[in-house]
There are 4 protein chains.
Amino acid sequence: MTAQPIVKMRKKPRQARAVATIEAILEAAAQILQKEGEEALTTAKVADRAGVSIGSLYQYFPNKEAVLLALIRREREAIGAEVARKIAESEPKSGEDLVRGVISTLLVAFRPRRRRRKLVALMASLSVDRDNSGLELRDRVAYLIAAASRRFPDFAARPLSDISAYVLVRAVLGAIRSAVVENAKIIDDPEFEEELCRLAIGYLKAPDASAARKGA
Amino acid sequence: MTAQPIVKMRKKPRQARAVATIEAILEAAAQILQKEGEEALTTAKVADRAGVSIGSLYQYFPNKEAVLLALIRREREAIGAEVARKIAESEPKSGEDLVRGVISTLLVAFRPRRRRRKLVALMASLSVDRDNSGLELRDRVAYLIAAASRRFPDFAARPLSDISAYVLVRAVLGAIRSAVVENAKIIDDPEFEEELCRLAIGYLKAPDASAARKGA
Amino acid sequence: MTAQPIVKMRKKPRQARAVATIEAILEAAAQILQKEGEEALTTAKVADRAGVSIGSLYQYFPNKEAVLLALIRREREAIGAEVARKIAESEPKSGEDLVRGVISTLLVAFRPRRRRRKLVALMASLSVDRDNSGLELRDRVAYLIAAASRRFPDFAARPLSDISAYVLVRAVLGAIRSAVVENAKIIDDPEFEEELCRLAIGYLKAPDASAARKGA
Amino acid sequence: MTAQPIVKMRKKPRQARAVATIEAILEAAAQILQKEGEEALTTAKVADRAGVSIGSLYQYFPNKEAVLLALIRREREAIGAEVARKIAESEPKSGEDLVRGVISTLLVAFRPRRRRRKLVALMASLSVDRDNSGLELRDRVAYLIAAASRRFPDFAARPLSDISAYVLVRAVLGAIRSAVVENAKIIDDPEFEEELCRLAIGYLKAPDASAARKGA
DNA sequence: CATGAATGAGCTTTCATTCAT
DNA sequence: TATGAATGAAAGCTCATTCAT
């Protein structure tokens, strides 16, 4: 895992068998990551647990890193899509509604699977350095919030600056990340969800800081 | 990094020379981590850059992990102490004052040294799994805020629950962490600091969520 | 290239299509060898470049080595045939004539195709160990010279011993080999050709060494 | 053995033990090369036969190729030095004397050790592409001959052009190379040596070709 | 105490070859 | 017959750690 920025899969699967192989590899990688940690994630182990030969692994992934990246991308897209879908079908009536919906969905997505702990930690550390196409979750959430801040009367007072959006999204996801990674039972606590909402909504409704300062 | 769960240092340094050696090793490790990343951090390289033999390194640290842990702890303590000191000498007159002071100090601590980027990422991923004594920074900040929320009139309205403190501290540090790790120039932007303050202060002053709900 | 000592082709091509396939495979191998070197010559790459599946390659060649051997043999036969043909049609009038003709043809055969460099090197290293049927070029040349030394008056003085033939042929081909393999532009230099002729003709005309010694 | 032009040793040995290790590695490599061929030359096998760990091998050689290169260089220097020494102490009285001395020494150097067969083949194929500092043998021989062609009356008639030297040295070494590589008993035959001398001396004494042509 | 040579388990990756489809 | 997914032995190489000097 030295350099090699290659990220794509080595070959497109043309037979159904191949698709199953890829899926098995990713699932095996996820399991090992979860149960034994990143250091235990060796290509041999992944192939073994996936029930395929090591050669097959390398037929579809150019190197170990590519497996990790694919795994992370899959996870991220799954969560991102879920958030978007839930929001779309819940038809929020207010900005507050929407924020509660987003946070609730995020928590649901990260919660049940304590099994995803290591993966989330990895996502945090890997995504940054190596995968710039990977900010989907954050960007999607930021987009949703920004849209809401324009569309709904309760937030309309002040449009969201880029920096505000950055702070809000990173703060909320940062807190969730901590909860997941620190393995805290707190992530199942309704009060945690409530406080997250309070943090977000309070921030979105608060008078503009600079405006406030100038006004003072 | 195979076996050996030992984590403490192998021997107490009794001579000034020993202290200097340890310091040189940690500094070398920090430099390598920063300039070349975690993968490049090998014991041989650390010893070499520190100007000591590999044998000497193992005289002071039982294994590679111990070096990393010591490095992280050093960094964390430095930042924690700085926050505490700045607050102590600034004698805040209000809760808002104190929060602004804490955030400002945190940003100063993380900011100038873009060189600390990799270290911060490491702290995040390592602290959780391997060092349970390591939450000092977070705990210290949480303690400060909690104390303030009791001491100062502007926050007095509602004492900070454990969960609230958790959310607040993780949110703020999470946003800063993002800024540092994503290498964003945003960390130098005054507006970023302002928004962080707005987030924290707004949260601390907002009416209690559950109270509000009950009241409704 | 593990086991399987089989060296012959697996099946006789009975259809024109098969011949074309074999030709495509050999041509692909030659190209890869030339452009990327021996290490890059993998069966998968050969099949790919030849436009056939890896399975098909193994239908015509029992293993990778057989491909190489076929390639070398093809090359060798081509050059050998060319030398023979040129000589036959030039109807040399003297031994010197014939020698000049042979050397000239050899140089023409090896020259234009700097592309054949890697192939020549291969021929040199492979032919020895693995292909004992492969001395055709050398033998053909040796035969030509030997015949000339008997047929033409200018060489008639002394019949060529086996060892003399060996020395002469290896010397001339060795010098050409060096020129090709070392990638020297020398192979295009007319003086090079002239000197080779001088070497060969001088040797063939010189008084017998042992005779000379005895005479002395 | 992909790229990596590194050729030097990884670290200078500072302890006597290290020198012995290096020697053992080279000797083991030579043996394996000889008895089992180039394909059998794996780093593990070399280390094993040398009685050292694989790690030790890589402490002194950056990669497998470096081992080969060191081996070849060692061999080449040994032969080159021997040729030079023998000539120096034999104090040849004529050019013919000197040529006979050189050829005799070369044959002695290559002869007794049928064990050197594979090594010579390797030298031929490797030296060219990868080690440009490696032409010592050829250059040394060429230098000796060139000097002789100027110093001694029997060759004085015509100074040796660069191309003539090239042809002569490659021809002689090419013939010897063939004898060694083809495993022919011919290398032990005194007539072989005699014919080589005849080839070389005849060439050196022959009237200049171009002169001859012009004269005609 | 310091040194650095030695160790070797274990990792990633390649590629010739097979065989079910 | 042609295909290409699957195989897995085996290779090169790294690096944390030990221990004789």
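**Note on helix packing and selected residues**

1. In this predicted model, helix α5 (residues 95-110) of chain B packs against helix α10 (residues 190-205) of chain B at an angle of about 140°, with the axes 10 Å apart. Axes here are lines fitted to C-alpha atoms, for helices over the stretch in contact, and angles run from 0 to 180 degrees between N-to-C directions. Helices (H or I, at least four residues) and strands (E, at least two) are DSSP runs, numbered from the N terminus. α5(B) is therefore oblique to α10(B). The classes are: under 35 degrees roughly parallel, over 145 roughly antiparallel, 65 to 115 roughly perpendicular, and the rest oblique.

2. α5(B) passes α10(B) in a right-handed crossing. A crossing is right-handed if the near helix is turned clockwise from the far one by less than a right angle, and left-handed if anticlockwise. On the α5(B) side, the contact uses Glu96(B), Val99(B), Arg100(B), Ile103(B), Ser104(B) and Leu107(B). The α10(B) residues include Phe192(B), Cys197(B), Ile201(B) and Lys205(B). Contact means heavy atoms within 4.5 Å. By class, nine residues are nonpolar, one is polar and five are charged. Ala, Val, Leu, Ile, Met, Phe, Trp, Tyr, Cys and Pro count as nonpolar; Asp, Glu, Lys and Arg as charged; the others, Gly among them, as polar.

3. α5(B) also packs on helix α9 (residues 162-181) of chain B. Their axes come within 11 Å and cross at roughly 25°. That angle makes α5(B) roughly parallel to α9(B). This crossing, too, is right-handed. Ile103(B), Leu106(B), Leu107(B) and Phe110(B) of α5(B) meet Val172(B), Leu173(B), Ile176(B) and Val180(B) of α9(B). The contact has eight nonpolar residues, no polar and no charged ones.

4. Next, chain C. Glu96(C) sits in helix α5 of chain C. It is partly exposed, with a relative accessible area of 24%. Buried means under 20% relative accessible area, exposed over 50%, and partly exposed in between (1.4 Å probe, protein chains only). The C-alpha atoms of Glu96(C) and Ile201(C) are 6.4 Å apart, although 105 residues separate the two along the chain. Neighbours within four places in sequence aside, Glu96(C) contacts Asp154(C), Phe155(C), Ile201(C) and Lys205(C). The side chains of Glu96(C) and Lys205(C) are joined by a polar contact of 2.8 Å. A polar contact is a pair of N or O atoms within 3.5 Å; within protein, one must be able to donate a hydrogen and the other to accept it, and residues adjacent in sequence count only if both atoms are side-chain atoms.

5. Thr21(C) belongs to helix α1 (residues 16-36) of chain C. At 15% relative accessibility, Thr21(C) counts as buried. Residues up to four places away in sequence aside, Thr21(C) touches Val52(C) and Tyr60(C).

6. Check the backbone at Glu91(C). Its phi is near 45°, a positive value in a residue other than glycine. Glu91(C) lies in the loop between α4 (64-90) and α5 (95-110) of chain C. It counts as exposed because its relative accessibility is 54%. Glu91(D) also has a positive phi, near 45°. Its place is the loop between α4 (64-90) and α5 (95-110) of chain D. Glu91(D) counts as exposed at 53% relative accessibility.

7. Chain A has eleven helices and zero strands. Of its 216 residues, 50% count as buried. Among contacts in chain A with a separation of 6 or more, 75% are between residues 24 or more positions apart.

8. On conventions: residues are numbered from 1 along each chain as its sequence is written, and chains are lettered from A and ligands numbered from 1 in the order in which they are written. Local features need pLDDT of at least 70, side-chain atom pairs count only at pLDDT 80 or more, and totals for chains, interfaces and linings use all residues, while side-chain values use heavy atoms, with hydrogens and water left out.
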